[in-house]
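Have a look at the fold below before reading on. The notes that follow take it piece by piece.

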Amino acid sequence: MSKNFTNDLKELYDLVGSKQKELGQYFKIVEDENCSFKQMRVFIDRFLQKIGLSLNNENRLSVLTRLIALRDEQLVQSLIKEDFNQAQIDEVKEESYQWVKEFYLKRHQELLDIIDEKKLLNEFYRELLRGVHLVGIALSDWQSDWTKHIINTINPQLELEFKDEAVKYLDEQKLYDVDENGNKADRAYSVLQKNEDGYRVLSYASFFKDQVGEVLKAFDEMLKNLSCLEDKQTNQKEEYITYFKALKEAFGELDQTKLIKRWQDVDRAWMKVTSPIQVGHPLEYYEDHFRKAVALEWDIRLSNPSDIGADKTYKNILYMYNTLFDKLGNKKEEVLKLTMSNLERVGLYIGRPALFYAAEFNGLFSAQVVPNDELVSKEEGKKIYAFSDNILDSLKAKPFLKIQNKIFGKEFMDKERELIFKKPELWHKVYEITTIGHEYGHILWLDNDTETHMNKSGVFKNIEEFKATTGGLMAFFMNEDDSCKTHVLADLIKRSVGLIAWMKTDEVQPYYCEGLIHLQGLFETKVLDFKDKLEIDMSDEAYERLKVWYTNTYESLATHYLAKKEADEFLSNYALKQNGHYMPVETKVKEFVNFYWGLHQSMGREIDDDEKKEDWI
């Protein structure tokens, strides 16, 4: 890359960061009545009035969280507290999506205008960003129909008709996407349509004909404009053109039996794009628990020009995996070969999301390892994305809540805040261990068809997130950094408890289930105890007990993966479904989960007036 391009990239990265921090400042309207963001308060209050919620700070925080953090759990709790029924809640969730969409499409256009005005990057990349934005508008318009049909119509019908046997029914009727050999794929780029005989499968392009038509038009426009421009700074023009053409073909594919092959071609082309300006396309499938329909992700990710890496975590992962494979991996050499090949070819991109659309207006990721298709990864490897700067900005911006002191106590929270506000370098080290370690952890123990074999009851993701986090922890345990030990433990405790708040949020069920498994370990080893309030033991002895538990549990889980056993067999040792959501198996853990859930509902949005953020900034 030329020096000018690198300087432009740095200027753009800093610009995106400053806009993100500016957004976080808006939380001040619930912390300080005299803050200067009067216009934003009016904007928030108008939306509260539109959806029929009371004008108070709890509800303002719920709506701000929906707008800035892009999550709707707190909004849903506000609606439940004011007696909205499920149909009304679904209606408000859609209204909030439209509201957030309009807000960010305007912000994204403003960013593009600044880039044009300053002539940042080169004309090829400026046109690429404009093209991504046009595709993003079309995908964002489609997102509501995608959610309405798959999540709010077909899936409730399947649950009503077949209850826990829905996935079994879909398998028996062959209502899934297939690879080029006719085998069941682990995800879908298609939808079910109800008919007289039951259901039939249609590709996205067949069912969402008009919406996909708009997406294809945007790709045509982008390809036409890019084709006559040059990219002499990164020499990635041909790779991008090949990638966007593959995307157009995949979105437009009508033959449902060819969808997986089309999208594998997308992933292959995308893996060859190595520019610091990365595009994110439909890759993940958390929302749909039955057929794993791939969500409409679409974004631009900027790599930090400072060239930050994660070498220590990478080396620790390699050492841990090789050590345990020698112990557990008898006659599974193909798994070792694939995993090591993926690890050796990982492209790591640490940076910020700059533009995002569609499904991502319902939540951005803190990190991601992709593609999920193991056949493509066998050929091309993986990419890991980590958005540490965004996460730290977000933690600094969020108001202090009463529930945090109530659950964890002042001493615990003070140490947490000292790390966030006073020790950013150490915080980044902990993030590398826990979050980037988590993404490396996803790569381990997998064969080409592991997920297909383990997902017969549709809950593979519900143990996969635990496997990922614990892989990162195990790598740290085998090569500890004393400066990080207590912070890693505190992060694990805080995150595991906090995930209880997602008990009834279906699209993030895998993370909630992960939290329940961690909690069983934390309670079994007496790191946590519950007697009317949470008791936390952060001693060296407690830490060592927990390490033993994780070692035994992870070895058991790795053996489970190597044998490709049904995921539910492992999950059922820790959590079982009751009344539509998972609950812990162990009595003590269940007592605490119920206690925290009750607090989350009653006071989860109350601002802590006794603790001032100004004291930490």
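## The second largest pocket

The second largest pocket holds about 440 Å³ of space. A pocket here is an open set of points on a 1 Å grid over the protein atoms alone, where a 1.4 Å probe fits, with protein on both sides within 12 Å along at least five of seven lines. Its volume is the space filled by probe spheres set on those points. There are 20 lining residues, and Asp179, Lys184, Asn448, Asp449 and Thr452 are the closest to the centre; a lining residue has an atom within 4 Å of a point. Helix 11 (259-271), helix 14 (374-380) and helix 19 (450-454) each give two or more residues to this lining.

By type, the lining splits into 4 nonpolar, 6 polar and 10 charged residues. Asp, Glu, Lys and Arg count as charged, Ala, Val, Leu, Ile, Met, Phe, Trp, Tyr, Cys and Pro as nonpolar, and the others, Gly among them, as polar.

## What kind of model this is

This is a predicted model, with local features needing pLDDT of at least 70 and side-chain atom pairs pLDDT 80 or more, while totals for chains, interfaces and linings use all residues. Residues are numbered from 1 along each chain as its sequence is written, and side-chain values use heavy atoms, leaving out hydrogens and water.

## The open sheet

Now for the strands: an open sheet of 5 of them runs in the order 3-4-5-7-6, with mixed pairing. Strands (E, at least two residues) and helices (H or I, at least four) are DSSP runs numbered from the N terminus, and two strands pair if DSSP finds at least two bridges between them. Strand 3 (277-280) and strand 6 (367-370) sit at the edges with a single partner strand each, so one side of each has no neighbour in the sheet.

Strand 3 and strand 4 run antiparallel, joined by 4 bridges.

## A hairpin

Strand 1 (residues 190-195) pairs with strand 2 in the antiparallel sense over 6 bridges, and the hairpin between them uses 2 residues. Valine 191 has leucine 202 of strand 2 as its bridge partner. In strand 2 (residues 198-203), 5 of the 6 residues are buried, meaning under 20% relative accessible area with a 1.4 Å probe, protein chains only.

## Glycine 309

Where does glycine 309 lie? Glycine 309 is in the loop between strand 4 (297-303) and helix 12 (311-328). Leaving aside neighbours within four places in sequence, glycine 309 is in contact (heavy atoms within 4.5 Å) with Leu348, Ile350 and Glu432.

Conventions:
Buried means under 20% relative accessible area, exposed over 50%, partly exposed in between (1.4 Å probe, protein chains only).
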